[in-house]
Amino acid sequence: MPYRDLREFLDRLASTDHLRCVQKEVSWNLELSHIAKVNEEEHRGGKALLFENITDHPGWRVLTSALTARERLALALDMPTTSSLMNLSREWVERIKNKRVPPQVVEAGPVHENVVLGDEVDIFKLPAPWFYPADGGRYLGTAGYLISRNLDSGRLNLGTYRLMMVDARRAAIQIIKAKDAEIDLRGYAARNEPMPVAYVCGAEPSLFLCGSTLFGLNESEYDIAGALRGAPVEVVKAVTNDILVPATAELVIEGEIMPGETLPEGPFGEYTGHYSGKEFPKEFINIKAITYRNNPILWSTTVGKPVTDTHMLMAVNRTASLWNDLSAMNIPGIKAVYGPPASAGRMLVIISMKPMYHGHSTQVGLAAFATVTGNYGLKTVILVDDDIDPENMDQVMFALSFKFQPDVGTQIIKRGRSTPLDPSLPIGDARYMTSRIIIDCTTPYEWKEKPRQIYLDEQMLKHVKDHWDEYFGEPVTLPQRVADLAEA
Ligand SMILES: Cc1cc2nc3c(=O)[nH]c(=O)nc-3n(C[C@H](O)[C@H](O)[C@H](O)COP(=O)(O)O)c2cc1C
Ligand SMILES: [Mn+2]
């Protein structure tokens with residue numbers, strides 16, 4: 001059964017021992033984020049944290065680290081907690097393949113239990129954390145998403161763009177060039193009209209997972225989230241405009257973005273492990289209303305240095321969208337695709353494949369860069385043979401060490417689309433373009449005589465496993481990969 005709201009997901013985390021509630025008073029000013037970061041780093045993803053007593057903000061709760069562990073990402077997608085990240089991505093691809101489930105409009109929802117309008121609005125009453133020392137302000141939107149409508153097609157877009165509080169009724173938003181909401185904004189700019197928007201902080205988890213995934217410009221993340229969770233998302237009309245918002249959202253900020261009007265925003269400690277910045281002025285939301293549930297929860301993520309839940313969820317959703325795009329190209333021989341969390345699933349990916357014709361591996365590398373997902377900021381594609389598990393870093397290092405020749409195995413591509421947050425590029429406009437590299441560790445198709453890998457003898461392996469407890473008095477606990485490497 002899909003989760004109705006964020007609370008049902010948290011109940012599931014609590015019942016599986018994945019949630020810790022923090023009752024002690026905690027300051028929004030660095031303390032909250034630092035507790036979350038230590039929790040995430042010291043305990044391999046830690047547990048999800050629900051802060052229930054935040055200085056200056058009685059009645060509010062803040063959720064962090066919701067998706068920092070693989071098991072919790074699996075629970076968010078209602079998958080077995082034993083699933084690997086790559087399995088989760090594969091399941092994602094299957095669930096949304098040729099399937100869209102539009103949202104269902106309902107009359108009313110708990111998101112409107114509390115409505116604050118006009119001059120009454122003061123976003124500094126919301127418990128937004130100050131995350132890192134050199135940040136430019138308090139970030140209200142980290143695990144949130146902006147909903148905007150395209151004037152030509154009418155489609156509603158959900159996009160996760162960071163949101164910094166500026167003053168009582170203004171919040172600056174970082175919508176990077178050519179993101180869907182920026183394209184939507186161009187339509188309003190042509191008419192010199194403000195773009196009505198809503199910003200959601202905290203709802204059923206598949207919405208956040210989709211809000212931070214690149215789909216085509218004309219796709220509504222609502223329809224994809226519906227397919228991913230297996231039921232339509234229930235939405236209600238916003239109070240002050242015609243945007244549809246999740247009926248069970250914890251907190252929604254309604255307002256308008258005026259094209260061309262900008263404010264300083266940032267710096268902010270980003271997922272690249274570096275601050276990014278004030279160098280680009282940003283649009284801002286002129287806030288008209290705030291609506292929230294009783295006993296509300298603000299969902300936040302620490303972003304920052306890998307690995308946080310931002311990196312974990314991007315490993316799953318970027319791998320899924322890249323895999324999905326590659327599948328649509330009908331290239332044979334691709335076995336698995338994996339963008340590891342430390343690369344946020346997007347700067348570096350590993351693809352396993354079986355070379356079937358001359359130039360096949362180069363085709364796969366170039367195809368990855370040409371997809372909607374890969375085109376945006378992907379720098380490194382590592383190609384490995386199909387007996388390497390891309391999620392097993394020992395096996396990937398083995399391939400890089402013993403199956404890779406730097407001269408013939410490397411191809412460099414220039415002038416691709418970059419993310420302006422990439423700290424390996426000089427600050428400024430140079431950050432919009434990146435080079436790319438294919439690191440090809442596959443055994444060349446054209447080699448007549450191929451080096452022979454060692455595989456265990458299938459029959460003897462079975463015999464040994466079957467008799468394991470006779471040798472050692474306990475059942476077999478061999479690593480999965482020994483079995484995977486046995487020659488089929
Ligand atoms: C936690 C988190 C924060 C993000 N912050 C931003 C941001 O500030 N600006 C941005 O353009 N993209 C940001 N992204 C990436 C976008 O969410 C992603 O590119 C998404 O595809 C945007 O939606 P769109 O494709 O509908 O434009 C963030 C992703 C995550 C997971
Ligand atoms: Mn989109």
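1. Helix 1 covers residues 6-15, and its buried residues are Leu-6, Phe-9, Leu-10 and Leu-13. Because these residues fall within an arc of 100° when seen down the axis, they line one face of helix 1; the arc is taken over the directions from the helix axis to the C-beta atoms. Helices (H or I, at least four residues) and strands (E, at least two) are DSSP runs, numbered from the N terminus.

2. The model is predicted, so local features need pLDDT of at least 70 and side-chain atom pairs pLDDT 80 or more, whereas totals for chains, interfaces and linings use all residues, and side-chain values use heavy atoms, with hydrogens and water left out. Residues are numbered from 1 along each chain as its sequence is written, chains are lettered from A, and ligands are numbered from 1 in the order in which they are written.

3. Leu-85, Met-86, Leu-88, Ser-89, Trp-92, Val-93 and Ile-96 are its buried residues. They fall within an arc of 160° about the axis of helix 4, and therefore line one face of the helix.

4. Asn-98 counts as exposed because its relative accessibility is 79%.

5. Which protein atoms are the donors of the manganese ion (ligand 2)? They are Asn-157 (OD1), Asp-180 (OD) and Glu-221 (OE), lying 2.1 Å from the ion. Along the chain, these donors follow the spacing N-x22-D-x40-E. Asn-157 in strand 8 (residues 156-159) and Glu-221 in helix 7 (residues 221-229) are 64 residues apart, a pair that links distant parts of the chain. Asn-157 and Glu-221 are both buried. Donors here are N, O and S atoms within 2.8 Å of the metal (3.2 Å for Na, K and Ca); water is not among the atoms, so sites may look incomplete.

6. Helix 5 (residues 180-191) contains Tyr-188. This tyrosine counts as buried because its relative accessibility is 5%. Between Tyr-188 and Arg-415 there are 227 residues of sequence separation and a C-alpha to C-alpha distance of 30 Å.

7. The second largest pocket holds about 680 Å³ of space. Of its 38 lining residues, Thr-160, Tyr-161, Lys-179, Ser-212 and Arg-318 are the closest to its centre. Strand 8, helix 6 (205-211), helix 8 and helix 10 each supply at least two residues of this lining, and helix 8 gives the most, with four. By class, the lining has 16 nonpolar, 14 polar and eight charged residues.

8. One cavity of 30 Å³ or more is found in a search of the whole structure. The largest cavity contains about 50 Å³ of space. Arg-318, Leu-322, Gly-345, Arg-346, Val-349, Thr-373, Gly-374, Tyr-376 and Leu-378 line it. Helix 8 (309-328) and helix 10 (372-375) each contribute at least two residues to this lining, which divides into four nonpolar, three polar and two charged residues. On a 1 Å grid over the protein atoms alone, a cavity is a set of points where a 1.4 Å probe fits but cannot get out, a pocket is an open set with protein on both sides within 12 Å along at least five of seven lines, and lining residues have an atom within 4 Å of a point.

9. The bond from Gly-266 to Pro-267 is cis, with omega near -5°, and Pro-267 lies in the loop between strand 14 (251-257) and strand 15 (268-269). Pro-306 and Val-307 are also joined by a cis peptide bond, with omega about 5°; Val-307 lies in the loop between strand 18 (297-299) and helix 8.

10. Val-303 is likewise found in the loop between strand 18 and helix 8. Is Val-303 buried or exposed? It is buried, with a relative accessible area of 7%. The phi of Val-303 is near 45°, a positive value in a residue other than glycine.

Technical notes:
Grid points are joined across faces, edges and corners, and a volume is the space filled by probe spheres set on the points. Ala, Val, Leu, Ile, Met, Phe, Trp, Tyr, Cys and Pro count as nonpolar, Asp, Glu, Lys and Arg as charged, and the others, Gly among them, as polar. Buried means under 20% relative accessible area, exposed over 50%, partly exposed in between (1.4 Å probe, protein chains only).
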